[in-house]
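This note goes through one structure point by point. Please keep the sequence and the structure open while reading.

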Amino acid sequence: MGFKTIRLAVKGIGMLASKIYSESTPFQTWEDFIDENNGGDDRIDFRTISGTLLGSIPLGIQNTKFRKLDFEVDEYGSKSIRFELNSKPAFPLERFTVIRIRVDGVDTFGGYIFKYPRQGSSSKQKLEFQGLGFRERLKKVTIRPAIDKHFYTIKSITKSGLNIEIKLNTNVHPIINVGDIFYIRKALNSRNNGKYTVSSIEDDTLIALRPDGLDQEIAQGTVTVLPSQWTNATTPVSDILKQIIIEYLPEVKGIIASTGGVTTSSSVPLGGGIDLEGISIEKAFDFIRNMLGGEWNLVVEPDGRITLNPKSTAIIEKIFSSYDGQIFDFEENLDSIVNIVEVNRKKEKSADGTTPMTLGALRTNQTSIAKYGPMEEPIDVPAYFTDEICDSLALAKINAKSEPKEEGSTKKGKWKYWKFGNYSIVTEEGYYKEVLHEMDSLEGFVVPSGISASISSSIFITGAGSLKLAFGNSANGKDVSCPLDKRVAGLKEIFLYVYGNKIGTYIRFGIGKDTFKENLFKITINQTTNPSLIVLPVDNLPIDHIKEMGFIIDNPQDGTEVYIDEVAINSYTSLHKTQPLKLVKYHYNQFNKFCELNFGIVTSKQENWLAGLNAKIESQSMAMKER
């Protein structure tokens, strides 16, 4: 493998006018090649669906075959790709050609081509190709029971005392055990339909308790046995994923049906079990993510492997806004807040056409309710979901949505391999408001006798409450202090909200490097109707480090109550925002390459897969009845 180099001699100007600068510049390199063992280059590999390497096209050179290349990757894996070539490659691009893109020597995208120009097209047709990430294949794979393993036809049903004996078309598979859950559907008499637990197995016969069962001498109906991982109350959620990978993914092209990348997770009590039959693998994966409370990464890797690992809270990298043109914008959507979640189980429709509901779980976040008011969002689930599953779904939504999520984005991020996880984004310098203390906790406050301190949830502006100080005339000259550790530059203003039940100037606020009494400011309360925003101009204050804040009481009246909320400053600084990376859009053309980055949005598809489950339940020919 080699490349051609053109040495350039450029005559300088100004201070460098007498110098000649030259270096070896890879102006033109290979246009396409086969190099199985080279893994360090930015490149795109093309393979057959069986894995044979057809060829590669390099990235990061001037004379590239790509007119443009755009692909997207999010926290779940590769999404989509579109590219246009300026000339045909030397190797053929077959149907479902597999694509693997490496950036910084790391596999970044894995997928396949689904739309491409065919032979015989005019010379004017664009050489434009479209593809999807491997994870998109999972949308078209439905979970179905394996015939003669989890799915059987019924030859006859015999009533035997309190039990029924279901004779099947073949011997029961060895994987089926006593205690497994199964369903009878489309039996000759509908009274035999329903949900059962295996009590005994005899060759080709399943035996289960059914006091009101009926004999059936002719062959009619089916038996579906749920995988034991779906019904075992102590099964780790990761075992459900392993079962899906092993049972349903071996024939999916591009996906490696291996469980080696699946870390053992916690278990969620399944009670009567779950039923994923009839939904897509993609929706099943969303179900698993939500079962784990959104705290685990379930990813389809670029090489087609499925991995499950706990999310890390560690900071991957610090990014400086405006550095290398990476300008960040931030926004927040308060309408997405949810702090009350009610999970309702949908039962079969009644005779009058209504759909009865039973409560599966109720979760609230009282702190969020105190801040923003009640904001409720219900979840409807199938009737067989246990209390524990319902509670895990409610908790996942509460954890994800009880606080507003700030979204950060940049249209011109660096072209590099971006790992998904938490980043610290440092904004451009400027005057920003920063909260010194939310005043919704007594932690750190030093309160003397004669002053009563508490957190009030009845009168406050922000956070979960305000600091309430109650005192009388005996508190004259006493102070309340709290340690801080905030370095400041260009301090301009101090903000705090104050409410008092007495009019007057009887409290002073202060900040300082050694003690808050170094810089004191009188606070006048002019009305007792609502909290007032107090703005203290401090642009001439000689302080670069705030280590303590506090209040001094001056000549108060008996029965005085003061509420103080959110002490904040306006200073010249940079903000440090920790946000998870959620989506990367890679853009590459002949003259430029960059990435669009999106941070902070929690992408939950809970509603999608639940809608799929509920639709599946409603379309079944019989209700899932517990007998």
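1. Helices and strands here are DSSP runs, numbered from the N terminus, a helix having at least four residues and a strand at least two. The model is a predicted one.

2. On the chain as a whole: its secondary structure amounts to five helices and 39 strands. The chain has 627 residues, and 47% of them count as buried. Of the contacts between residues at least 6 apart in sequence, 71% join residues at least 24 apart.

3. Is helix 2 largely enclosed or largely open, and why? Helix 2 covers residues 281-291, and ten of its eleven residues are buried, so the rest of the structure largely encloses this helix. The buried residues of helix 2 are Ile 281, Glu 282, Ala 284, Phe 285, Asp 286, Phe 287, Ile 288, Arg 289, Asn 290 and Met 291. Buried here means under 20% relative accessible area.

4. Helix 2 packs with helix 4, which spans residues 387-401. The angle between the two is about 80°, and their axes are 8 Å apart. Angles of 65 to 115 degrees count as roughly perpendicular, and helix 2 and helix 4 are therefore roughly perpendicular to each other. Helix 2 brings Phe 287, Asn 290 and Met 291 to the contact, and helix 4 brings Ile 389, Ser 392, Leu 393 and Ala 396. By type, the residues of this contact are five nonpolar, two polar and no charged.

5. Gly 360 is part of strand 24, residues 357-364. Its relative accessibility is 10%, so Gly 360 counts as buried. Setting aside neighbours within four places in sequence, Gly 360 is in contact with Val 343, Asn 344, Arg 345, Asp 387 and Cys 390. Asn 344 is 16 residues from Gly 360 in sequence, and the C-alpha atoms of the two are 5.4 Å apart.

6. Asp 204 sits in the loop between strand 16 (200-202) and strand 17 (205-209). With 16% relative accessibility, Asp 204 counts as buried. Neighbours within four places in sequence aside, the contacts of Asp 204 are Ile 166, Lys 167, Leu 168, Thr 170, Asn 171 and Val 172.

7. Thr 259 is in the loop between helix 1 (237-248) and helix 2. Is Thr 259 buried or partly exposed? Thr 259 has a relative accessible area of 24% and is partly exposed. Not counting residues up to four places away in sequence, Thr 259 touches Lys 242, Ile 245 and Ile 246. Thr 259 and Ile 246 are 13 residues apart along the chain, with 7.6 Å between their C-alpha atoms.

8. How many cavities of 30 Å³ or more are there? The count is three. The second largest cavity holds about 50 Å³ of space. Its lining consists of Ile 143, Arg 144, Pro 145, His 150, Thr 224, Val 225, Leu 226, Pro 227, Trp 230, Tyr 248 and Glu 277. Sorted by type, the lining of the second largest cavity has seven nonpolar, two polar and two charged residues.

Definitions and conventions: Residues are numbered from 1 along each chain as its sequence is written. This is a predicted model: local features need pLDDT of at least 70, side-chain atom pairs count only at pLDDT 80 or more; totals for chains, interfaces and linings use all residues. Side-chain values use heavy atoms; hydrogens and water are left out. On a 1 Å grid over the protein atoms alone, a cavity is a set of points where a 1.4 Å probe fits but cannot get out, and a pocket is an open set with protein on both sides within 12 Å along at least five of seven lines; lining residues have an atom within 4 Å of a point. Grid points are joined across faces, edges and corners, and a volume is the space filled by probe spheres set on the points. Ala, Val, Leu, Ile, Met, Phe, Trp, Tyr, Cys and Pro count as nonpolar, Asp, Glu, Lys and Arg as charged, and the others, Gly among them, as polar. Buried means under 20% relative accessible area, exposed over 50%, partly exposed in between (1.4 Å probe, protein chains only). Axes are lines fitted to C-alpha atoms, for helices over the stretch in contact, and angles run from 0 to 180 degrees between N-to-C directions. Angles under 35 degrees count as roughly parallel, over 145 as roughly antiparallel, 65 to 115 as roughly perpendicular and the rest as oblique. Contact means heavy atoms within 4.5 Å.
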